[in-house]
Amino acid sequence: MLLRNCWYMAGWQSDFASTTPTSRTIAGEALVFYRRSNGELVVMEDRCSHRFAPLSRGRVEGDDIRCMYHGLKFGPDGVCNHIPQQSYVSNRIRVRTFPIIERHGAAWIWLGETNKAQSEHVPHFAGPSNYEWSMVPDQIELQANYALLNDNLLDLSHVAFVHRESFGAGDEASATEFSRAEVTTTSLANGGVRVERRMRNATVPPYVRDYLETKRADFYVKSEHLIPGIFLLNTRCYPLGTFDQGEEALSCATPFLAEFSCQAVTPINERATRYFFALGPWSALGDLKQFYLDIGRRAFAEDRAMLEAQQEVIDRSPNARFANLTMDKASAAFRAQMNKLIREEGALHASYEPG
Amino acid sequence: MLLRNCWYMAGWQSDFASTTPTSRTIAGEALVFYRRSNGELVVMEDRCSHRFAPLSRGRVEGDDIRCMYHGLKFGPDGVCNHIPQQSYVSNRIRVRTFPIIERHGAAWIWLGETNKAQSEHVPHFAGPSNYEWSMVPDQIELQANYALLNDNLLDLSHVAFVHRESFGAGDEASATEFSRAEVTTTSLANGGVRVERRMRNATVPPYVRDYLETKRADFYVKSEHLIPGIFLLNTRCYPLGTFDQGEEALSCATPFLAEFSCQAVTPINERATRYFFALGPWSALGDLKQFYLDIGRRAFAEDRAMLEAQQEVIDRSPNARFANLTMDKASAAFRAQMNKLIREEGALHASYEPG
Amino acid sequence: MLLRNCWYMAGWQSDFASTTPTSRTIAGEALVFYRRSNGELVVMEDRCSHRFAPLSRGRVEGDDIRCMYHGLKFGPDGVCNHIPQQSYVSNRIRVRTFPIIERHGAAWIWLGETNKAQSEHVPHFAGPSNYEWSMVPDQIELQANYALLNDNLLDLSHVAFVHRESFGAGDEASATEFSRAEVTTTSLANGGVRVERRMRNATVPPYVRDYLETKRADFYVKSEHLIPGIFLLNTRCYPLGTFDQGEEALSCATPFLAEFSCQAVTPINERATRYFFALGPWSALGDLKQFYLDIGRRAFAEDRAMLEAQQEVIDRSPNARFANLTMDKASAAFRAQMNKLIREEGALHASYEPG
């Protein structure tokens, strides 16, 4: 049961070449992506109506894609417009297409009811061409259910344990600081969750220590986690003592370091996930962007190892249940939201769809 | 559900060594083949009655095969004739054997009711020792259902799309010529299908162009597709204008090039297929035989890639149905024949067999 | 259905490092092993109660193990004693632990009812530190059900066929001698089976021939096979004619060669088995121990190849049944014992356990 009425990130714009089709499975749907002659992205089922050859083995011809098994050709609306050896082509020979929008350097797909696909609901995001932040985009694939990755992002307390080799947070001091943080969790109107974390007089992470003149700072970390799995993480370091001057001071003070990370969790199917991320410092420190990417890659590889191990244990524990702890507040709220939406969609399908 | 009352090609004669057993699975039956002292081929279940060790790990001893786990020995009739540490051997200790005939350079096996196995029903075929044609035999394995390969062979319109790297048929001109061909489809008495294709003034394929003085010819292509998956493809090139002189002229005219291809589709199981092929020019142009083989191999690798991709899409589309088009006439007729035979066999088993 | 009320060999003592946890699956239970600060071995479920991360990816801290996903820490009794960001820790947050005993250079685990785990039932065994025998320990993994390995060990007649490359027993002479052996099978009180084999005037195996002055001897081979899969094999070579002087002579005579092999068959799950073995000559011939190990390793690789092939045939033969022969007397008796114990345990679970 995967949510369909939502914008999933399908890929970075650069993932989709201009002349050859690309295959990608999203939320269980095997899809083919190609660009028509004007560069616009088209996405449809990756299955020719005739004998089920994958269209991703096909050939792009102008605005159309031709199946390279027996030569059926489909337009960007999914309707077949040429069949070799046949003059009449029934318009019932067609494959399903889906709304797709390119924005923020990424492509966003809507797999649900077409009339509900509204472009203004494409989430905020900062991609490779953003001018405020120096972002480098990347992606990895995990053999784990997408909800485990959402959980992971919604509870950053794992940083002290999982990311001891990357974010340098493995030492007891960092763990203690992190657990001392003041945490505020807010439910957002669109079903998402905002988590704010304030850490006074905390240790500047080793990976930026060389670039700054101080080793301690006040940290403000804001993360927003949006349906179906959009994660926006903003970290700001302020001079020591800023937080003691009250909330107003925080609004006025200038951080001496700011970094942003935009991440998207897209289910491939119930057992695999594509994890997109772009991260970097603000443009003023743009030289550091490769440096940020390297640390991010190492960290996300640590997450992948843990989540894939976790998934294997879950697979062999069909009747066991998670224990819910204080640290799980945000992830529990997000899971509840997702489950509610999925249940509502399920009821909708049960009442409106045949069979 | 796979057909059993038919002669399947089990292998080329040279696939079966003279001193060591060979294991091969055909239509779901795991079998062991070995040659008795006079060279005759024997085939039986690949499973010792005792503890189910595979007999294909056994040792040929004269006319017998000995299981190399605990030493039981079986004769070519499948009956156990020696058990270590036991003087009395019950003749109930036996493994099932199957009729097998070596003909046309190949071995043909009958998995169904033994009393219906008639050697005159072994299909016509030309193998490596044929004197009229210079044939080179080969085989590949496909991870796809055998019916997809039968479909493929029964609709040669795929040549223009799948075989653009091998038969050089990818250009529009060839595709157009092919679709202009006059096609005659005839149902044969034994359940097979004959497809005749006449192409007037067509392009001589690039791969033989160097050997001929002309670049255009009248083509007569006859393919016969027999139960359970025997494909005989005869291609003849005549001087331009031959066809215009009527059917009688065709009978009398001498082609300036003739080639023959004999192929056998043998299911390993419902999801895998062994594909045997021999192909070559007539003996007069015997020097070209390796050349033909190379092109054939490239072409069949293209088929394999497409069919395996097609099988994967079918696997994930349990409820979807193929669209049937004009080009599918022959394959639909053949599938109908096969399904009828399989249904009849199923009814037979249901009424006569216990359990 | 695997037996639980028994001591399984979990590993050699040296398999369990002093500072890092080890994961191992035994009889379907995924387990984590670690040593507490005093070196004592602890074993528990390899699954953190919180989000099911495997504890084997965790960190040993003194007597405890910490999950390295979110930092929960568990004591050697399986009870959670620290949760980051929480002051109160419910003692319901716990993982299951199991009795474990280190003896004979190995670790023995009890997966069943804890109150029935009695240390005096740990089987006799000779491991690497035994003073009477020069034993070298090793282990392999087989993709086959453990009962097939028990069968294999309980019917040594396979030696003449399977071990022709290792024990040099492939020649007809050895096979004949082996089948001429006088075999006595005795059921033991604890459910095991003892097989004694006397071979008069038999060939000294080629692999020790160079070390002895004679090529023929009287052989006494005693094997004991204990629940759940403990195999103790004692081979003694006596001067020719010793057996003719009666049972008393055998008791008094000094063998000129003695070797011992202790083996343990531990099911990983229904389809995979861990096979532990230690083997060697008596201490007086300790120099030969590596030599024995090399032959043993080659022999057990031969067994593995045969058993994995056998398992594959069994998998595809769901309805077929083994034929039972004279040679299967001991293995049939042992299987009957095991099945009786498993049935009794199953009844117990059905009546006492909820759901």
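Two strands count as paired if DSSP finds at least two bridges between them. With that in hand, welcome to a few close-up views of this predicted model.

**View 1. Strand β15 of chain A pairs with β14 and with β16.** In this view, A:F231 sits opposite A:Q263, a residue of β16(A). The two strands, β15(A) and β16(A) (residues 257–269), run antiparallel and are joined by eight bridges. Strand β14(A), residues 216–226, also pairs with β15(A) in the antiparallel sense, here over nine bridges. Look for A:D218, which faces A:Y238 of β15(A). Between β14(A) and β15(A) lie three residues, and the two strands form a hairpin. Strand β15(A) covers residues 230–238, and eight of its nine residues are buried, leaving the strand mostly covered.

**View 2. Chain A meets chain B.** Here 22 residues of chain A are in contact with 30 residues of chain B. About 2,400 Å² is buried between chain A and chain B, with carbon and sulfur atoms giving 62% of that area. Ten residue pairs, both members at pLDDT 80 or more, are in polar contact across the interface of chain A and chain B.

**View 3. Chain C meets chain A.** In this interface, 30 residues of chain A are in contact with 22 residues of chain C. The area buried between chain C and chain A is about 2,400 Å², and carbon and sulfur atoms give 61% of it. One salt bridge is found across the interface of chain C and chain A. C:R51 and A:D328 meet in a salt bridge through their side chains, at 3.6 Å from N to O. By class, chain C brings ten nonpolar, six polar and six charged residues to the side that touches chain A. Between chain C and chain A, ten residue pairs are in polar contact, with both residues at pLDDT 80 or more.

**View 4. A four-stranded open sheet in chain C.** The strands of this sheet follow the order β5-β6-β7-β8, with antiparallel pairing. Strands β5 (59–61) and β8 (80–82) of chain C are at the edges with a single partner strand each, so one side of each has no neighbour in the sheet. Three bridges link β5(C) to β6(C), residues 64–66, and the two run antiparallel.

**View 5. An open sheet in chain B.** Four strands of chain B make an open, antiparallel sheet in the order β5-β6-β7-β8. At the edges stand β5 (59–61) and β8 (80–82) of chain B; each has a single partner strand, so one of its sides is left without a neighbour in the sheet. Strand β6(B), residues 64–66, and strand β7(B), residues 73–74, run antiparallel and are joined by two bridges. Across from B:R66 you will find B:K73 in β7(B).

View 6. With a relative accessibility of 5%, C:Q311 counts as buried, because buried means under 20% relative accessible area. Apart from neighbours within four places in sequence, the contacts of C:Q311 are C:Q143, C:A144, C:N145, C:L148 and C:R271.

**View 7. Salt bridges within chain C.** Over all chains, the count comes to 54 salt bridges. In one of them, the side chains of C:R4 and C:E29 meet at 3.0 Å, N to O. This pair links distant parts of the chain, 25 residues apart: C:R4 is in the segment before β1(C), and C:E29 is in strand β3(C). C:R4 is buried, at 17% relative accessible area. Another salt bridge joins C:K340 to C:E344, with the closest N and O atoms 3.4 Å apart. Because they are four residues apart in helix α7(C), C:K340 and C:E344 are separated by about one helical turn. C:K340 is partly exposed at 39% relative accessible area, and C:E344 counts as partly exposed at 43%.

How values were computed. Residues numbered from 1 in each chain as written. Chains lettered and ligands numbered in written order. Predicted model: local features only at pLDDT ≥ 70, side-chain atom pairs only at ≥ 80, totals over all residues. Heavy atoms only, no water. Contact = heavy atoms within 4.5 Å. Buried area = accessible area lost by both parts, 1.4 Å probe. Salt bridge = Lys/Arg side-chain N within 4 Å of Asp/Glu carboxyl O. Polar contact = N/O pair within 3.5 Å; in protein donor to acceptor, adjacent residues only side chain to side chain. Nonpolar A, V, L, I, M, F, W, Y, C, P; charged D, E, K, R; others polar. Buried < 20%, exposed > 50% of the residue type's maximum accessible area, 1.4 Å probe, protein only.
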